[in-house]
Amino acid sequence: VRHTDTVFTMPRFDTREAWEETAARLRRRVLLSSGLVPMPKETPLNAKIFDRIEHGDYSVEKVHFEVRPGFLATGNLYRPKGEGPFPAVLNPHGHWKAGRLEDTDTCSVPARCITLARMGAVAFTYDMIGYVDSRQFSHNWGREREKLWGVHPFALQLHTSLRAVDFLCSLPGVDPERIGCTGASGGGTQTFALAAVDPRVKVAAPVNMISAHFQGGCECENA
């Protein structure tokens, strides 16, 4: 029986066609295990961008949009100076105490986003469910009573990431053909899960998370 410490050996693929066949099966499996088949109906984002703060070579704004009607994704948008079109990078955060606002020697999500903006990319960091401004659900659920809700935390976070791609692609000045994603720890899990199911993400850099010897542990990481 597989568990979160099962040692995993990556299979070898000798042709692109063999990999793409396996990738399609894995993509379907991720979506099925997340309860995202069929995918929830796409509804208006009703995005709000406000409280812009100008810095010398970048700006920061607050953001919220509707993942599903009535359920908000919350975060910050960092933008470079200029007209674009710019590449854009999603920045899901890990299980840091301060979430997307973590600014310590271990991790600084704002510093990462500021750096990306200074390098000429739009950077969007958004809350894990139950962190910082996302308080409509607690971070972890999955007990018998909560199973009646009909949605899993992994699914809700993955769906949030998918809608975050929609949000970035809707912004003037963003090149929808140059979308990336990077995060560490639980943000690494979100990064590879999003990249697995959404071909709009052209570059993914999951950091310090899933390996051949460790595969998560939080409810939000194990569908």
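Predicted model: local features only at pLDDT ≥ 70, side-chain atom pairs only at ≥ 80, totals over all residues.

Residues are numbered from 1 along each chain as its sequence is written, and side-chain values use heavy atoms, with hydrogens and water left out.

Let me begin with helix H1, residues 16-33. Helices here are DSSP runs of H or I with at least four residues, strands are runs of E with at least two, and both are numbered from the N terminus. H1 has 18 residues and spans 25 Å from its first C-alpha to its last, close to the expected 26 Å; that expected value is 1.5 Å times one less than the number of residues. Just after H1, Gly 35 adopts a positive phi of about 75 degrees.

Which residues of H1 are buried? They are Thr 22, Ala 23 and Leu 31, where buried means under 20% relative accessible area, exposed means over 50%, and partly exposed lies in between, with a 1.4 Å probe and protein chains only. Helix H5 (186-197) is included in what covers these buried residues.

Val 30 also lies in H1, and with a relative accessible area of 22% it is partly exposed. Leaving aside neighbours within four places in sequence, Val 30 is in contact with Phe 154, Leu 158 and Val 197, contact meaning heavy atoms within 4.5 Å. The C-alpha atoms of Val 30 and Ala 193 are separated by 7.7 Å, although these residues are 163 apart along the chain.

I turn now to the aromatic rings. Rings of Phe, Tyr and Trp (its six-membered ring) pair if their centres lie within 6.5 Å; planes under 30 degrees apart count as stacked, over 60 as edge-to-face, and the rest as tilted. By this rule there are 6 aromatic pairs. One of them, Phe 71 with Phe 137, is edge-to-face, at 5.6 Å centre to centre and 70 degrees between the planes. This pair links distant parts of the chain, 66 residues apart: Phe 71 is in strand S3 (residues 71-80), and Phe 137 is in the loop between strand S5 (122-126) and helix H3 (144-147). Phe 71 is buried at 7% relative accessibility, whereas Phe 137 is partly exposed at 24%.

The pair of Phe 124 and Tyr 126 is stacked, because the ring centres are 5.5 Å apart and the planes are at 15 degrees. Phe 124 is buried at 0%, and Tyr 126 is buried at 2%. Together with Phe 65 and Phe 167, they form one aromatic cluster.
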